[in-house]
Amino acid sequence: MKRLLAIAGAVAAAMSLTPMHEAKAEGSLTLCWAAWDPANALVELSKDFTAESGVQMKFEFVPWTSYADRFLNELNSKGKLCDLIIGDSQWIGGAAENGHYVKLNDFFEKEHISMDDFLPATVVGYSEWPKNTPNYWALPAMGDVVGWTYRKDWFSRPELQQEFKAKYGWDLDAPKTYDQLKQIGEFFQGRKIDGKTVYGASIYTERGSEGITMGVTNVLYDWGFEYQNPDKPYDMKGFVNSPDAVAGLEFYKSLYKCCTPPGASNVYMGESADAFKSGQVAMHMNFAFTWPGLYKDENVGGDKIGFFANPAEKKHFAQLGGQGISVVAYSDHKDDAFKYIKWFVKPEVQAKWWKLGGFSCAKSVLNDPGFTKSAPYAQTFLDSMSIVKDFWAEPSYAQLLQAMQKRVHDYVVADKGTAQEALDSLLKDWTEVFEDNGKI
């Protein structure tokens, strides 16, 4: 899913890039994706494909700041740069309906590739359009989900444990509910740790792309927010702006007000990770792809870091991230692109993908008895991927996203109006989008 901002330190030191207008030789493929650490792992992994098939791989990796604009423009212009693309989960509806991706059902049937071999939530999130129908436009490639890290070394200090237990009546540990998370945030807010003032939590607040939406949804889902009536598509009144949804939005604002560092009004992945790495916060919200790097960080990683899945309230969900890999309809190298997907789906390749730093969605990896011990964050990733929920994947998702960004940021960060007014306005915005598209 979904990243439109650069992540500090995530861009590869060296990547093999295909010049924009270079004609590709026979027996070569260009794979398009974002420039970040998992892309480095895929370059390494793909060397095995070349050794096995003889097909040379080239890569067009674009920073997150330009990722959506660059590749959506490429698709909309029917360009031939990308033979394979790892596109955001939110692109799937538009890419399917506009003919940008090759439908993979016949290929899957021919090669005996079963979507039952992948975590169900990733099939729905990355592959299907329309959702919950057996129409596949991508293979799940990079699992991702919003979760949390915390300063395990701070939590384990006896004097802090004693003080916390006396104040709140439960043992200071990774929170299971949002009420517990807020109590921890309040406990650490403004506290001195090793002579430095620290704060409770870093959460997403960014306005310009998708940040605050990717943050607030984790809370809204748990309070009972729904995008639409489960029994009547695009019937949103009383679901988007329900009393439970209003309460969830109010809670997110209260968390922002009580427990975040000063100047945290425009935070997304990079800023949130930086707040944690710099020792500013006791907890931080971020996508799972950041966890390997944080665990390796010499200042906050190793024994100092802990991981936990998104907390629960009335319900229990987490915002889905991640992407699927698709064959571009305008490619002149579709046969080799299909070879790559046939190779990528192999259990041994998926196992190596996880080992190198990719986040496999394959059951052969995730259900392996040794998986949860394979990395300090493996259990949290597995737990988190079992509770995912995603934003709209409609062809008009960009308009839907822009509306939510504005309404939520105006209320949470800019202190404009009430939560009820924000969600009522969002309902109106979304209704207009779907009316314009002839959906309602």
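Start with helix H5, residues 120-126. H5 gives three residues to the lining of the largest pocket, the largest share. Helices here are DSSP runs of H or I with at least four residues, strands are runs of E with at least two, and both are numbered from the N terminus. The model is predicted: local features need pLDDT of at least 70, side-chain atom pairs count only at pLDDT 80 or more, and totals for chains, interfaces and linings use all residues. Residues are numbered from 1 along each chain as its sequence is written, and side-chain values use heavy atoms, without hydrogens and water.

**The pocket**

Stay where you are. The largest pocket holds about 720 Å³ of space. On a 1 Å grid over the protein atoms alone, a pocket is an open set of points where a 1.4 Å probe fits, with protein on both sides within 12 Å along at least five of seven lines; lining residues have an atom within 4 Å of a point. Points are joined across faces, edges and corners, and the volume is the space filled by probe spheres set on them.

Now select Val 124, Lys 131, Asn 132, Gln 228 and Asp 390. Of the 23 lining residues, these are the closest to the pocket's centre. Strand S11 (388-389), like H5, gives two or more residues to the lining. Colour the lining by class: 14 residues are nonpolar, four polar and five charged. Asp, Glu, Lys and Arg count as charged; Ala, Val, Leu, Ile, Met, Phe, Trp, Tyr, Cys and Pro as nonpolar; the others, Gly among them, as polar.

**Two domains**

Colour domain 1 (29-144 + 322-389) and domain 2 (146-319 + 396-436). The bounds come from an automatic or database domain assignment. Each domain supplies at least three residues to the pocket lining. Their centres, taken over C-alpha atoms, are 28 Å apart. Domain 1 puts 16 residues into the contact and domain 2 puts 21; contact means heavy atoms within 4.5 Å.

**A helix pair**

Select H9 (residues 211-223) and H17 (residues 397-412). Their axes come within 9 Å and cross at roughly 75°. That makes H9 roughly perpendicular to H17, a label for angles of 65 to 115 degrees. Their contact has seven nonpolar, five polar and no charged residues.

**Two backbone stops**

Go to Pro 130, in the loop between H5 and strand S4 (139-151). The peptide bond from Trp 129 to Pro 130 is cis, with omega near -5°. Finish at Asp 194, where phi is near 50°, a positive value in a residue other than glycine.

Notes:
Axes fitted to C-alpha atoms, helices over the stretch in contact; angles between N-to-C directions. Parallel < 35°, antiparallel > 145°, perpendicular 65-115°, else oblique.
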